[in-house]
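I open the notebook on helix packing and aromatic rings. The structure comes up first, then my entries.

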Amino acid sequence: MAYLAPIHRPSGVRHAIQISFLAPDSDDLIVAKANRLEIWSANPQQPSQLSLQHSKTIYGKVTILRKLRPATSQTDHLFVATDRYHYFTLSWDASGKELKTEKSYVDVAEKAGRDSQTGDRACIDPSNRFMTLECYEGVVNILPIAHAGKGKRKAADNEVGELRDPVPVRIPELFVRSTTFVHKRVTGPRLAAPELAILYEESTGKLRLKVRELEYQPSLRPQEEPPTAELEKGRDAQGEIELGASHLISLPAPMYGLLIVGETSIAYADEWEYRITDRQPLDEATVFVAWCAIDSQRYAIADDYGKFYLLFIHQNSEGEYAGHQLDVLGTTSRASTLVYLDAGRIFVGSHQGDSQIIQISERSLEVVQTFPNLAPILDFTIMDMGNRSADAPVNEFSSGQARLVTGSGAYTDGSLRSIRSGVGLEDVGAIGDMGAPVTQIFSLKSKADIDFVDTLIVSFVSQTRIFKFEADGDVEEVQRFGAFDLGQVTLYAGNLAGGRCVQVTSSHVLVTQSDQGDSSDRWNSPGEEDSITAVAAEQDTIILSLGGATLIVLDVSGSNIKQQAQRHFSAKEQVSCISLSASIPNTCIAGFWQESKVAFLSLTDLTPIASTSVADEADSQTVPRSLAIAQILPDQPPTLFIGLADGNVVTYTIESAANPFVARKSIILGTQQANFALLPRSAQGLQNVFATCEHPSLIYGQDGRMVYSAVTASNAQAICSFDCEAFPGAIAIATEDEGLKLAMVDEERTTHVQTLQVGQTVRRIAYSPELKAFGLGTIARRLEAGREEVQSFFKLVDEVAFQELHSFALKQDELVECVIRCQLDDGTGTGETAERFVLGTAYLDDAAAGTATRGRLLVLEVTESRQLRSVTEVSLRGACRCVGIVRGRIVAALVKTVVVYALEYQSADSSPILVKKAAYRTATAPIDLAITGSTIAVTDLMKSLSLVEYKPGLRGAPDTLVEVGRHFETLWGTAVAPVVENTYLVSDAEGNLVVLQRDPDGFSEEERRRLRIVSEISLGEMVNRIRPITLTPSVNALVVPRAFVATVEGGVYVFCLIAPGSQDLLIRLQSLLIAHISSPGHVPFEHFRGFRNGVRDSSEEGPVRFVDGEVVEAFLDAGLLVQESVCKELGRGVEEVRGLVEGLRRVR
């Protein structure tokens, strides 16, 4: 049985609308992201931006949003249509703060109809009497909007403005590109019949414009016969319509008529005969994709290349159309939808890039807000910078730098996105820019009798500043704090007993009363050359490092500072860092520059108690640069953290001062040293460790293990705990870009995304831990003189800095199809292997016409200077869709064929060649490969999955590929991955996920060969890539993660197998929650998640042996009565079930 939960929900925007939804006077933006509705409203703190007010999952992918305003409602209603042909209207329940279903419509799907090839459309006529729905070719559904009439046809007051039942009407126009209702003149007491303009393509490829009159006859006996509607009367527009026409814009009074927007021109058709009377060519040909009205004369239009235009309609003295003007304002993300907000602000909803809010002005625009978007995810790889230490392999919970790196967006919106599950920081206060880099920050109590800290010491390179906080949160910078020397850098500051405070600078140690201007005692360094370079303190003990050559222990418990111990180190043994901890009394820890040594020293005489070298054998020059000891786990020994100069963090378990180096583990947090700050976690003395570096991490204990989580604190310079009265439990953090601020640390991990703009489509990604680099297959597109030019590259990118190291250009009209990294024979004859990148390419059809070459297979190496160099290549007769490695040989999936190649050297000095060893013919075209051992899983374009076994030839016999398993149903496959032995997860083009299993011990050959379905579900999003993961689960784990799934809509999911003992519990819990929690529109869960494709429809049965993680996690958000009812039927306690669900949530 399987379990699926979202890591990152779909973020691509295809539909949006602005309505007054939350309140009568509000302007709310409703955004549809796959099966999710989001409501955004003006941000009170930043009026030019929007903030998220509500988010809700819909049981179906949203295809249409429209505004309705019933006469009895003070707010607008939202009409929603889904891809499963469910329609409903929603309103906002202000008291319950949730969506309310006003009306749900019967499915009007025609089982024999063909889906609209150009997308679902809905139009509302200008008189607000009718709405049309176009979901099938040649069918228009007419939905009357109730209005106040006369006599028997008069609608009840509470029905005015409501939609009535649809009436299907057939039209002969099939391939429709655009439709709109035409604005009509009012010439008498009665409104003119609505007219629907239809821009369609004939079978000959020629474009036509047809304007049809809507004739609607309501039923006099609604209970006995339905109303009727016709679109028989129609007129053809006169004049030539260009082949690239894509949009119709109906002009309002007093201009009237239609604008026909094309690729090379914009034409105007008059209102009388729909004759094209004006056609103005564009300065440059383009493809328009979205538009919205700003007012009656101005329209915003966006094209496929990210250009943003303003279309202005000129009027004559009578207000009629007199021409138009098109101006380029700037560049945005490629728009899927445009929504005009107010005051020149426009929402650019994008599916291929980040959505934006732009402010338009005269001939220019400015982006004022950006909404990150991962869609479409074309490929991704799993990267864990902490899994390179051979002595301590880590799991998915242990490294805060474990991440998914996705190739997202398309063309100029293409980017790399780094997705990490980490801990967020919520800002609660800001002091502002400090004007100089901050070196350290410390928190103090200004008086001995207060319970909270109230003073922040901020140290710079050459000075110190003091900030005092009041109980209400007000902050003031003070010029004096006791006898502190503010003209020097502060290396340490802290409270002592009796209301005293201590300050350590580079030249002295000073003890003072915080409320007095005189110091009670002062210790000075022996000389100018013996300056204090490092300090560690714990209670009344302070240890100083003088230039790394001398360590001095001071006792500040009494009225005078006493020197407790001193030791001088030779030039061959210099100190690099020091630390103290109450967990190991009478002991300090020191790191040394030489031999990468860390030693535990006695505080009595600073003699060594125990020592070790912390460097890996491969790099003996690594230097410890920071140290910390923390109590991470309850009832466990403390942990020693060592930050190395190369970005590694090494940890040891301290069993005792004599045996402190136990259970060594290592992860990588960056390329530079990590500095540690201890944050109190509980009254039991537990602590968290905040590591500041290129990729800040919070290290904490959870479920008996130590967890590294990424933190949203980029560019952090210094941090400390700041538990003040106004902000209990806060931390103070100094960053390069935001200055000094206070923040609260989230209690649980969430998903965080970082972006690196590439400006090209990142079609394929391969990650090499050995080379510490990514290999990217990219596609660049540009428009030159009205002609689209495409160029493909393979780029080498550094893993940390995401900096391009080298770019390898492919041939003209050649596109990258697949990229992998692998180990291949290095040609030395010793059997050693070397890291290589393997590329598969395809030529555009026009470029390959008349030639036998349709693609190439290339092998590239990375030189010592980190440059790409071709090792060998072979021309192919088919496009190479995907590649893999089986038994050290390259598997290439071509059109209708899977081929195995061997990299062979004819001699030690010759260049290698690729030699064909075996081939297997597929049913149609292979789409993806998954290889385990000698078994190759091939997902086919139409014929689902087949398993092929590679058998090397013996005694001179040729190698063979033998089919050993097949799924015999029709499935338009898109991706495949092994999830456990003989079990595969397969996705199809219609958004389904299927788990297939092979029984190698079946009673017959046919049974052993047949792949059977063990689980299936409709995800509702097309999956582009599945990556398997191998983990060691904990003993009591309910589910075991086995794969990550990435979709076209920008969603990332974790696929898990349910532990045998938990299967019945989770299935019953899902069933009970479905019965107690209804979705907007009252759409059945089974219809949403039931498997469905062109051959088989299981929407009545629902998912098979599949648990939807979102449904299960909804238990935590349900009311107490619902929780109690569910648990009663489940036979479990509320707290027990809540704990189980919280554990499931932590999986993602």
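**Helix contact and ring pairs**

I looked up a helix contact: Gln 1123, Glu 1124, Cys 1127 and Leu 1130 in α6 meet Val 1134, Val 1137 and Arg 1138 in α7 (contact: heavy atoms within 4.5 Å). By class, this contact has 4 nonpolar, 1 polar and 2 charged residues. The model is predicted: local features need pLDDT of at least 70, side-chain atom pairs pLDDT 80 or more, while totals for chains, interfaces and linings use all residues. Residues are numbered from 1 along each chain as its sequence is written, and side-chain values use heavy atoms, without hydrogens and water.

I checked the geometry next. Helix α6 (residues 1120-1130) and helix α7 (residues 1134-1146) pack at about 95 degrees, axes 9 Å apart. That makes α6 roughly perpendicular to α7 (65 to 115 degrees).

I then searched the whole structure for aromatic pairs and found 22 (ring centres within 6.5 Å). I picked Tyr 59 and Phe 1085: their centres are 5.6 Å apart and their planes at 70 degrees, so the pair is edge-to-face (over 60 degrees). Tyr 59 sits in the loop between β5 (50-57) and β6 (62-68), and Phe 1085 in helix α4 (residues 1085-1089), so the pair ties together parts 1026 residues apart in sequence. Is Phe 1085 buried or exposed? At 3% relative accessibility, Phe 1085 counts as buried (under 20%, 1.4 Å probe, protein chains only). Tyr 59, at 13%, also counts as buried.

Last, I noted a charge over a ring: Arg 781 lies over the face of Tyr 411, 3.9 Å from the ring centre (CZ of Arg within 6 Å of the centre and within 35 degrees of the ring normal).

Key:
Axes fitted to C-alpha atoms, helices over the stretch in contact; angles between N-to-C directions. Helix = DSSP H or I, 4+ residues; strand = E, 2+ residues; numbered from the N terminus. Parallel < 35°, antiparallel > 145°, perpendicular 65-115°, else oblique. Nonpolar A, V, L, I, M, F, W, Y, C, P; charged D, E, K, R; others polar. Phe/Tyr/Trp six-rings, centres within 6.5 Å; stacked < 30°, edge-to-face > 60°. Buried < 20%, exposed > 50% of the residue type's maximum accessible area, 1.4 Å probe, protein only.
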